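Please keep the sequence and the model in view while reading.

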Amino acid sequence: MSLTGDTPLISVVVCTYNRAALLGGAITSLAQQTLDPSQYEIVVVDNNSTDETPETVRRIQESHSDATIRYLTETRQGLGYARNTGVEHSR
């Protein structure tokens with residue numbers, strides 16, 4: 001149970017564009033940290049990638065089912081759009 005009810009204390013927004021090779025390690029590292037999984041969420045915002053980003057995130061979601069890892073797609077290109085989408089969907 002989180003300290004604020006159903007709302008996690010920390011939202012980590014990871015914006016990505018065609019970085020599937022690096023994304024897996026970054027998300028895995030976040031999912032393996034020592035804070036209780038109910039206290040944080042990982043929000044991955046795919047900024048219209050054309051590589052294996054969706055598959056990479058799905059694989060990590062399956063292997064770290066105790067962590068809250070959400071995957072969003074933002075089709076408007078640009079880091080500002082991706083960041084705003086991530087913040088908008090953070091709990």
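Leaving aside its neighbours within four places in sequence, which residues is Thr-16 in contact with?

## Basis of the model

The model is predicted, with local features requiring pLDDT of at least 70 and side-chain atom pairs counting only at pLDDT 80 or more, while totals for chains, interfaces and linings use all residues. Residues are numbered from 1 along each chain as its sequence is written, and side-chain values use heavy atoms, with hydrogens and water left out.

## Thr-16 in strand 1

Apart from residues within four places in sequence, Thr-16 is in contact (heavy atoms within 4.5 Å) with Leu-23, Val-44, Val-45, Asp-46, Asn-47, Ser-49 and Thr-53. Thr-16 has its place in strand 1, where strands (E, at least two residues) and helices (H or I, at least four) are DSSP runs numbered from the N terminus. With a relative accessibility of 7%, Thr-16 counts as buried, the classes being buried under 20% relative accessible area, exposed over 50% and partly exposed in between, for a 1.4 Å probe and protein chains only.

## Helix 1 against helix 2

Helix 1 (residues 20-31) and helix 2 (residues 53-63) pack with their axes 9 Å apart and at an angle of about 20 degrees; axes are lines fitted to C-alpha atoms, for helices over the stretch in contact, and angles run from 0 to 180 degrees between N-to-C directions. The two helices are therefore roughly parallel to each other, a term for angles under 35 degrees.

In this packing, Ala-20, Leu-23, Gly-24, Ile-27 and Thr-28 of helix 1 meet Thr-53, Thr-56, Val-57 and Ile-60 of helix 2.

## The two faces of helix 2

Thr-53, Pro-54, Thr-56, Val-57 and Ile-60 are buried in helix 2. They cover an arc of only 165 degrees around the axis, which puts them on the same side of helix 2, the arc being that of the directions from the helix axis to the C-beta atoms. What covers these buried residues includes strand 1 (10-16), helix 1, strand 2 (40-46) and strand 3 (69-73), whereas the face of helix 2 turned away from its buried side carries the exposed residues Arg-59, Glu-62 and Ser-63.

Thr-73, found in strand 3, counts as partly exposed at 46% relative accessibility.

Thr-85 lies in helix 3 (residues 79-89) and counts as buried at 6% relative accessibility. Not counting residues up to four places away in sequence, Thr-85 touches Val-45, Leu-72, Glu-74 and Arg-76.

How values were computed. Angles under 35 degrees count as roughly parallel, over 145 as roughly antiparallel, 65 to 115 as roughly perpendicular and the rest as oblique.
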